[in-house]
Amino acid sequence: MADIEDVLEELKEEAAEEIQAEEANAAQKEAMAEDTEAVEASAEAIASTEAMEENKKSIFKKKEKKDKKDEQIEELSDRVKRQMAEFENFRKRTEKEKTQMYDMGARNIVEKVLPVIDNFERGLAAATENTDKAFVDGMDMIYKQLLSVLAEAGVNPIEAVGQEFDPNLHNAVMHVEDEEQGENIIIEEFQKGYLYRDTVVRHSMVKVAN
């Protein structure tokens, strides 16, 4: 009987050891499962963080691209403004040069016409009572018409007799003393001077008193 009890006792001990081993294995498996879940959670967190970083990088890249686009637009706008300013300066310079060339050409023509006017004046002054009146009247009409056309173009005679001598307008070729006249007054004109707009084409040749 004692042997049977010993055997039963050994069996109980073995069963208890097996149960303890199984419980230890179960606890170990549970701990491993928890560790696995923690690792997976950590991996998910890392993946989420990386995704957020990627999103930030993508946003920054888009912003950089947008900034570059804005810079290109500003650069093109500045280039267009500079070209417009250069064109405006070129236009003004061209207009000024054109005006100067026109004025120069007009002055040259006026200078060539003035001797013709002088000859008209000499011819009319030389007419006498014996000269054909119709011929003189015709010459006078042509002379006045010529002066009218020149006046419309901006050419006008310089006032001389009775005016104070102005070296910018008059050329004094003779001086006389005359108590009846004021100082530096023009008393006679030998040749008419002319202005084209505000520019002297030819100075008046005059006699100045005192």
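Predicted model: local features only at pLDDT ≥ 70, side-chain atom pairs only at ≥ 80, totals over all residues.

Colleague: Why is the contact between Arg-79 and Glu-75 called a salt bridge?

Modeller: The definition asks for a side-chain nitrogen of Lys or Arg within 4 Å of a carboxyl oxygen of Asp or Glu. For Arg-79 and Glu-75 the N to O distance is 3.4 Å. This value is within 4 Å, and therefore the pair counts as a salt bridge.

Colleague: What makes Arg-79 and Glu-75 partly exposed?

Modeller: Buried means under 20% relative accessible area and exposed means over 50%, with partly exposed in between. Arg-79 has 38% relative accessibility and Glu-75 has 44%. Both values fall between the two limits, so both residues are called partly exposed.

Colleague: How many salt bridges does a search of the whole structure find?

Modeller: The search finds nine. One of them joins the side chains of Asp-140 and Lys-144, at 3.2 Å from N to O. These two residues are separated by about one helical turn, because they are four residues apart in helix α2 (residues 133-152).

Colleague: Which words describe the accessibility of Asp-140 and of Lys-144, and why?

Modeller: Asp-140 is partly exposed, because its relative accessibility of 27% lies between 20% and 50%. Lys-144 is exposed, because its relative accessible area of 53% is over 50%.

Colleague: What are the closest N and O atoms of Glu-188 and Lys-207 apart, and what do we call the contact?

Modeller: They are 3.0 Å apart, and the contact is a salt bridge. This pair links distant parts of the chain, 19 residues apart: Glu-188 is in strand β3 (residues 185-191) and Lys-207 is in strand β6 (residues 204-209).

Colleague: Is Lys-207 buried or exposed, and why?

Modeller: Lys-207 is buried, because its relative accessibility of 15% is under 20%. Glu-188, at 32%, counts as partly exposed.

Colleague: How do you know that strands β3 and β6 pair?

Modeller: Pairing requires at least two bridges between the strands. β3 and β6 share five bridges, in the antiparallel sense, and therefore they pair. In β6, Met-205 is the bridge partner of Gln-191.

Colleague: What makes β2 and β3 edge strands?

Modeller: The open sheet of three strands has the order β2-β6-β3, with mixed pairing. β2 (170-176) and β3 are the edge strands, as each pairs on one side only.

Definitions and conventions. Residues numbered from 1 in each chain as written. Heavy atoms only, no water. Buried < 20%, exposed > 50% of the residue type's maximum accessible area, 1.4 Å probe, protein only.
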